[in-house]
Protein chains: 2
Amino acid sequence: MSKETVAFQGERGAFSEEAAYKLLGRNIQVLPCETFEAAFQSVVKKKASLCLVPIENTLAGSIYENYDLLLQNDLHIVKEVNLRIVHNLIAFPGTTLRNLRRVYSHPVALAQCGRFFRSHSKFEKIPFYDTAGSVKMLAEKRPPNSAAIASRIAASVYGARILQRHLEDHHENFTRFLLLSPKSHVSPRANKVSIVFSTPNSPGALYKCLSVFALRDIDLSKMESRPLRGRPWEYFFYIDFVGNVNKPPSRKALEHLAEVTTFLRVLGCYESARR
Amino acid sequence: MSKETVAFQGERGAFSEEAAYKLLGRNIQVLPCETFEAAFQSVVKKKASLCLVPIENTLAGSIYENYDLLLQNDLHIVKEVNLRIVHNLIAFPGTTLRNLRRVYSHPVALAQCGRFFRSHSKFEKIPFYDTAGSVKMLAEKRPPNSAAIASRIAASVYGARILQRHLEDHHENFTRFLLLSPKSHVSPRANKVSIVFSTPNSPGALYKCLSVFALRDIDLSKMESRPLRGRPWEYFFYIDFVGNVNKPPSRKALEHLAEVTTFLRVLGCYESARR
């Protein structure tokens with residue numbers, strides 16, 4: 001049986017790769033892509049069978065570009081996974097906590113390790129384009145007295161060592177990833193639905209849309225809005241709710257929603273990840 | 001009477017400065033700031049009396065950082081203005097459309113002028129940190145055969161000429177700006193209210209919140225969500241609605257909303273801008 005190829009944005013060792021292993025195990029091939037759009041396109045053009053993209057982070061918020069790409073591409077959400085973001089200090093032999101001077105990483109990762117840098121004031125923070133990319137650069141150029149902050153997978157991909165774990169200030173730092181496939185497959189165990197819709201431009205329109213869920217005691221887990229291009233001050237709404245499109249309450253709610261929306265698409269129905 | 005000082009993010013000549021003149025006229029002093037946070041802080045620390053920040057663009061969506069800063073700072077929205085984003089080709093004497101080779105601007109502005117670059121394939125696009133900043137750089141360094149893409153105000157601030165107007169692909173490109181003040185003042189003419197709230201983590205909670213508006217036929221013009229830090233998968237909701245906090249329907253709706261939310265703050269009540 002041939003391995004699945006999973007595309008993601010970032011260098012080898014990115015947090016997306018760590019999330020792919022958590023969700024699918026180690027028996028997969030990975031395809032790193034430069035941009036989120038390239039990760040989507042690699043599935044559309046059949047260079048990969050699946051792609052895994054981050055959709056929200058509990059500190060930074062939604063990754064809006066991926067909401068837009070979900071609408072622009074005809075892919076289906078088939079699974080989700082929540083990954084706790086653990087920042088590790090990673091170096092190659094010869095560099096120790098004692099002789100370390102320079103720490104490379106993505107600016108967001110450096111900013112999320114404020115307490116670590118305050119307790120090691122001799123370390124210089126050097127912004128880099130990518131977390132895993134900074135480990136890759138250390139592997140290739142071996143600058144002296146230098147380390148990187150990245151995922152534990154980045155250390156193993158590039159054969160580096162972890163000098164210290166859990167550099168992050170906030171432990172409640174999770175990223176939710178969606179696994180996308182060109183094929184829609186709804187398991188009987190699926191218990192979460194993601195949809196996107198637009199409403200008529202009239203008072204109470206959004207309230208009517210939410211009523212189709214509230215009247216059936218269906219729980220919403222996420223709601224997001226994005227601009228409707230070419231129609232200033234109108235929006236697409238993205239909603240995640242608890243249910244299965246093949247079972248009565250959700251099916252009826254979607255039929256009802258179709259009556260009160262101007263556009264409606266189901267993006268996927270899949271098993272909810274643990275928190 | 002002393003002039004108001006209005007802080008904004010960006011270099012002199014930024015679209016925010018153009019929006020400030022549209023909203024308040026030319027008889028103001030402006031204070032350019034490096035970041036949005038610095039623009040907010042300049043008002044908090046009384047270096048400026050007001051600040052003007054973009055909150056959403058009809059093509060790109062919300063400026064989420066400013067939603068977060070509205071919550072973190074105790075400033076009040078006192079006015080809003082919608083600015084049509086017009087991209088201009090700006091150069092200094094000696095550079096013409098005929099001898100032009102290099103065009104500097106912010107990557108988003110360059111991307112929004114795709115048709116212009118396709119019809120002038122000899123022009124090289126050079127990404128720069130800021131639209132107005134690219135005109136400032138031309139003014140200081142005078143590189144040959146070079147132009148910038150920026151607001152018409154940037155041309156006048158730096159004494160440059162506009163070679164061509166309306167380079168933008170989409171004419172439906174508007175940015176909505178909010179004027180923030182440390183003092184709350186609600187005019188009897190105010191007809192728009194901006195609020196932020198969080199809900200109990202229970203099914204139908206958001207629906208109950210929206211019902212306080214729907215039951216009173218109050219129209220919502222915008223809804224946005226942002227993560228609640230330290231409480232994974234919970235959110236703050238930002239809503240704009242039509243009304244005046246001193247008049248019965250809105251006042252009653254807010255009293256009702258306070259009963260069904262765990263946190264509620266009015267960010268401002270002000271006159272709605274024309275579309």
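At what angle do helix H8 and helix H9 of chain B pack, and how far apart are their axes?

Modeller: A quick word on ground rules: this is a predicted model, where local features need pLDDT of at least 70, side-chain atom pairs count only at pLDDT 80 or more, and totals for chains, interfaces and linings use all residues. Residues are numbered from 1 along each chain as its sequence is written, while chains are lettered from A and ligands numbered from 1 in the order in which they are written.

Now your pair. Helix H8 (residues 205-214) and helix H9 (residues 248-260) of chain B pack at about 170°, with their axes 9 Å apart. Helices (H or I, at least four residues) and strands (E, at least two) are DSSP runs, numbered from the N terminus. Axes are lines fitted to C-alpha atoms, for helices over the stretch in contact, with angles running from 0 to 180 degrees between N-to-C directions. H8(B) and H9(B) are therefore roughly antiparallel; that label is for angles over 145 degrees, with under 35 being roughly parallel, 65 to 115 roughly perpendicular and the rest oblique.

Who touches whom? From H8(B) come B:Lys208, B:Cys209, B:Val212 and B:Phe213, and they meet B:Ala253, B:His256, B:Leu257 and B:Val260 in H9(B). Contact here asks for C-beta atoms, placed from the backbone, within 7 Å. By class that makes 6 nonpolar, 1 polar and 1 charged residues (Ala, Val, Leu, Ile, Met, Phe, Trp, Tyr, Cys and Pro count as nonpolar, Asp, Glu, Lys and Arg as charged, and the others, Gly among them, as polar).

H8(B) also has a partner in the other chain. The axes of H8(A) and H8(B) come within 10 Å and cross at roughly 140°, and the two are therefore oblique to each other. Their crossing is left-handed, meaning the near helix is turned anticlockwise from the far one by less than a right angle (clockwise would be right-handed). A:Leu206, A:Tyr207, A:Leu210, A:Ser211 and A:Ala214 meet B:Leu206, B:Tyr207, B:Leu210, B:Ser211 and B:Ala214.

Zoom out to the whole contact between the chains, and it takes 27 residues from chain A and 27 residues from chain B. On chain A's side, helix H8 (205-214) and strand S13 (220-227) each supply at least two residues, with S13(A) giving the largest share, 7 residues. The side of chain A that touches chain B holds 13 nonpolar, 7 polar and 7 charged residues.

How do the copies relate? A rotation of 180° with 0.0 Å of shift along its axis superposes chain A on chain B, at an RMSD of 0.0 Å. That is the relation of a two-fold axis.

For the complex, the predictor gives an ipTM of 0.86 and a pTM of 0.90.

Key. Contact = placed C-beta atoms within 7 Å. Least-squares fit on C-alpha atoms with pLDDT ≥ 70 in both.
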